[in-house]
Amino acid sequence: MKIAVYGKGGIGKSTTSCNISIALARRGEKVLQIGCDPKHDSTFTLTGFLIPTIIDTLQSKDYHYEDIWSEDVIHKGYGGVDCVEAGGPPAGAGCGGYVVGETVKLLKELNAFYEYDIILFDVLGDVVCGGFAAPLNYADYCIIITDNGFDALFAANRITASIREKARTHPLRLAGLVGNRTSKRDLINKYVEACPMSVIEVLPLIEDIRVSRVKGKTLFEMVASEPSLNYVCEYYLDIADQILSQPEGIVPKEIPDRELFSLLSDLYLNPIDEGKDQNNKENLFGFTTI
């Protein structure tokens with residue numbers, strides 16, 4: 001099974017991905033996590049350091065694939081999760097899609113791409129071009145990480161559009177949303193009501209989730225010295241169980257941008273208990289709601 005994890009930049013996507021990867025490994029799966037971000041820090045909390053990237057390794061070998069061994073690019077992470085970082089093109093040059101393609105090509109050359117039960121692609125935050133939508137070409141499922149804020153849900157809606165487009169030519173489905181570090185879910189509920197999709201899990205606003213990234217450890221590793229965090233790991237294990245159940249998933253249909261602006265802003269500007277007339281009230285984004 002191949003899973004692509006997307007979400008707004010800074011939403012905690014890599015932290016969530018690493019913990020999901022360990023949860024899947026705890027369920028007996030052989031897992032490979034592939035970081036698809038030029039920052040090449042997706043697997044940092046699994047390995048404790050920034051591992052060499054595929055692109056750096058290829059360049060050092062003058063792109064002679066036959067001179068590269070599995071141990072040059074696949075690194076063992078915490079919990080038995082194998083880790084790869086694709087890296088990225090130079091800033092302002094090249095294409096992220098090319099890098100992802102080269103990564104998959106090399107893993108196939110090493111006979112590694114089909115050795116795993118689960119391959120999880122952790123992808124650059126915001127889908128702004130076809131290049132960073134490339135991992136969807138290989139995925140069975142996409143999971144979108146969000147929070148209860150407008151920006152994250154706007155990014156989720158853009159990712160939804162990419163999934164719909166890719167599903168035209170690939171057997172790709174959206175497994176659902178994962179809410180990360182949020183004390184409320186009213187905007188999430190409003191969005192999935194208008195754009196039907198599953199909410200796989202919503203992780204509460206726990207500071208230790210953010211701190212784990214700073215410490216370079218997953219929640220599963222932190223539990224060894226802080227047993228009180230064990231309940232947080234149960235959230236990730238629940239996500240893993242839902243993934244392993246092989247959900248039917250959906251081909252979603254995104255909401256047009258202007259409708260999404262109105263939908264989410266109206267939750268605050270037009271509360272149900274307000275008695276005054278809200279007709280023609282201009283929302284925060286400059287659009288008129290009727």
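Trainee: Is Cys195 buried or exposed?

Mentor: Please keep in mind that this is a predicted model. Burial is read from the relative accessible area, and a residue under 20% counts as buried. Cys195 has a relative accessibility of 1%, so this residue is classed as buried.

Trainee: Which class does Cys233 fall into, buried or exposed?

Mentor: Cys233 is buried as well, with 3% relative accessible area. As for covalent links between cysteines, the structure holds 0 disulfides.

Trainee: How should I read the sheet, and what is the order of its strands?

Mentor: Strands of a sheet pair through backbone hydrogen bonds, either parallel or antiparallel. Here, 8 strands form an open sheet in the order E3-E4-E2-E5-E1-E6-E7-E8, and the pairing is mixed. Its edges are strand E3 (75–76) and strand E8 (199–202), each of which pairs on one side only.

Trainee: How many bridges join E2 to E4, and do these strands run parallel or antiparallel?

Mentor: Strand E2 (residues 31–36) and strand E4 (residues 82–85) run parallel and are joined by 4 bridges. Within this pair, Gly35 has Glu85 of E4 as its bridge partner.

Trainee: Turning to pockets, what is the volume of the largest pocket, and how many residues line it?

Mentor: The largest pocket has a volume of about 390 Å³. Its lining consists of 21 residues, and those nearest the centre are Gly10, Ile11, Gly12, Lys13 and Ser14. By class, the lining comprises 9 charged, 7 polar and 5 nonpolar residues.

Trainee: Which cysteines does the UniProt annotation "binding site" cover?

Mentor: According to the unreviewed UniProt entry, the annotation covers Cys95 and Cys129. Cys95 is located in the loop between E4 and helix H5 (96–109). With a relative accessible area of 36%, Cys95 is partly exposed, whereas Cys195 is buried at 1%.

Technical notes: Residues are numbered from 1 along each chain as its sequence is written. This is a predicted model: local features need pLDDT of at least 70, side-chain atom pairs count only at pLDDT 80 or more; totals for chains, interfaces and linings use all residues. Side-chain values use heavy atoms; hydrogens and water are left out. On a 1 Å grid over the protein atoms alone, a cavity is a set of points where a 1.4 Å probe fits but cannot get out, and a pocket is an open set with protein on both sides within 12 Å along at least five of seven lines; lining residues have an atom within 4 Å of a point. Grid points are joined across faces, edges and corners, and a volume is the space filled by probe spheres set on the points. Ala, Val, Leu, Ile, Met, Phe, Trp, Tyr, Cys and Pro count as nonpolar, Asp, Glu, Lys and Arg as charged, and the others, Gly among them, as polar. A disulfide is a pair of cysteine sulfur atoms within 2.5 Å. Buried means under 20% relative accessible area, exposed over 50%, partly exposed in between (1.4 Å probe, protein chains only). Two strands pair if DSSP finds at least two bridges between them. Helices (H or I, at least four residues) and strands (E, at least two) are DSSP runs, numbered from the N terminus. UniProt positions are given in the numbering used here, feature names are shortened, and annotations may be inferred rather than shown by experiment.
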